[in-house]
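Let's take a walk through this structure together, from the whole chain down to single residues. Please keep the viewer open as you read.

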Amino acid sequence: MENYMENPGHKDHIVVLGSGDVGRRVVETLTYANIKFVVVDSQAHTFENADYDYVVGNATEEEILIQAGVPQASTIIVTLNDDTHVMFATLISRGLNPDSTIIARANSYKSIDKIYKAGANYVAALPIVAGQMLAKMTSRCIDVSCKKMDEDIMLYEGVDIEKHTITNSDDLANKTVADISLRHKVGCTILGIERDGKIITDILPSTKMLKGDIIAVVGGREEISRFKDKYVKKP
């Protein structure tokens with residue numbers, strides 16, 4: 001597989017920083033969901049049998065992150081094994097891309113606040129959680145596997161993800177992300193949309209939601225509850 005540095009034309013993608021235990025779980029999930037992504041890792045041997053785009057290099061170096069497409073990424077997942085490196089990678093990524101959603105792994109609870117201050121939107125304190133969270137983000141997560149993850153998933157500070165199918169009678173139908181302003185109204189963020197079997201991860205203020213779309217909304221449990229009260233119709 002070509003190094004991503006040789007094929008820089010990708011846009012609207014996810015960047016995974018680190019190809020260790022969590023990184024591999026994330027890669028498996030993204031591959032299954034057929035979502036475009038790029039992996040950054042300093043160990044070239046981790047990519048020997050890779051069938052996805054990648055960059056060999058230090059994920060705390062700005063040049064490497066630019067080569068991986070961090071400035072154009074909709075989501076950046078930081079899965080490095082050292083919390084100091086996680087903080088630096090998060091800080092540099094946030095500087096390169098102020099509008100991206102950054103999900104970061106914390107190897108120690110003591111590092112969580114520092115990683116948030118570095119610019120992460122969500123911090124997962126257990127190694128397995130980042131991969132599970134991403135699996136819940138994508139609406140291609142089938143019912144059986146999602147139910148299994150619901151049994152053992154533990155997200156820091158109760159962060160959860162709600163999937164919602166838009167109907168004609170929905171208050172969200174035919175409106176843009178800017179029109180509904182979910183973050184302002186209920187404190188949630190739209191991370192992805194599945195439309196006609198394809199997943200859209202580059203969510204812009206101008207992105208319009210249509211009947212039949214399945215949206216993945218992330219927020220704290222209280223925020224998700226407010227979203228459901230406002231938009232999910234009771235049977």
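A word we will need throughout is "buried": it stands for under 20% relative accessible area, while exposed stands for over 50% and partly exposed for what lies in between, with a 1.4 Å probe and protein chains only. Helices (H or I, at least four residues) and strands (E, at least two) are DSSP runs, numbered from the N terminus. This is a predicted model, in which local features need pLDDT of at least 70 and side-chain atom pairs count only at pLDDT 80 or more, whereas totals for chains, interfaces and linings use all residues. Residues are numbered from 1 along each chain as its sequence is written, and side-chain values use heavy atoms, with hydrogens and water left out.

Let us begin with the whole chain. The protein chain has nine helices and twelve strands. Of its 235 residues, 52% are buried. With contact taken as heavy atoms within 4.5 Å, consider the contacts between residues at least 6 apart in sequence: 63% of them join residues at least 24 apart. The protein chain exposes about 11,700 Å², and carbon and sulfur atoms supply 49% of that area; accessible areas come from the Shrake-Rupley method with a 1.4 Å probe, and for residues, only the protein chains shown count as cover.

Now turn to strand S2, residues 37–41. Five of its five residues are buried, so S2 is largely enclosed by the rest of the structure. Which residues of S2 are buried on each of its faces? Phe-37, Val-39 and Asp-41 are buried on one side, and Val-38 and Val-40 on the other. Two strands pair if DSSP finds at least two bridges between them; S1 and S2 do this in the parallel sense, over four bridges.

Five of the five residues of S5 are buried. Thr-101, Ile-103 and Arg-105 cover one side, while Ile-102 and Ala-104 are buried on the other. S4 and S5 run parallel and are joined by four bridges, and here Ile-76 has Ile-102 as its bridge partner in S5.

Helix H3 comes next. The expected span of a helix is 1.5 Å times one less than its number of residues. For the 14 residues of H3 (residues 83–96) this gives 20 Å, and the end C-alpha atoms are 20 Å apart, which agrees. At the start of H3, a side-chain oxygen of Asp-82 comes to within 2.9 Å of the backbone nitrogen of Thr-84. The buried residues of H3 include Val-86, Met-87, Ile-92 and Leu-96.

What about charged pairs? Side chains of opposite charge can pair when their charged atoms come close. A salt bridge here is a side-chain nitrogen of Lys or Arg within 4 Å of a carboxyl oxygen of Asp or Glu, and by this rule the count comes to two. In one of them, Asp-213 meets Arg-195, with the closest N and O atoms 2.7 Å apart. Asp-213 lies in the loop between strand S11 (208–209) and strand S12 (214–220) and Arg-195 in strand S9 (residues 189–195), so the pair ties together parts that are 18 residues apart in sequence. Is Asp-213 buried or exposed? Asp-213 is buried, with a relative accessible area of 2%, whereas Arg-195 counts as partly exposed at 22% relative accessibility.

Arg-226 and Glu-223 form a salt bridge too, at 3.7 Å from N to O. Both lie in helix H9 (residues 221–231), three residues apart, about one turn of the helix. Arg-226 is partly exposed at 38% relative accessibility, and Glu-223 is partly exposed at 22%.

Let us finish with a few single residues. Val-218, in strand S12, is buried with a relative accessible area of 0%. Val-218 and Ile-161 are 57 residues apart in sequence, but their C-alpha atoms are 4.4 Å apart in space.

Most residues other than glycine have a negative phi. Asn-174, although not a glycine, has a positive phi of about 60°; look for Asn-174 in the loop between strand S7 (159–165) and strand S8 (175–176). Ser-181 is not a glycine either, and has a positive phi of about 45°.

How values were computed
A polar contact is a pair of N or O atoms within 3.5 Å; within protein, one must be able to donate a hydrogen and the other to accept it, and residues adjacent in sequence count only if both atoms are side-chain atoms.
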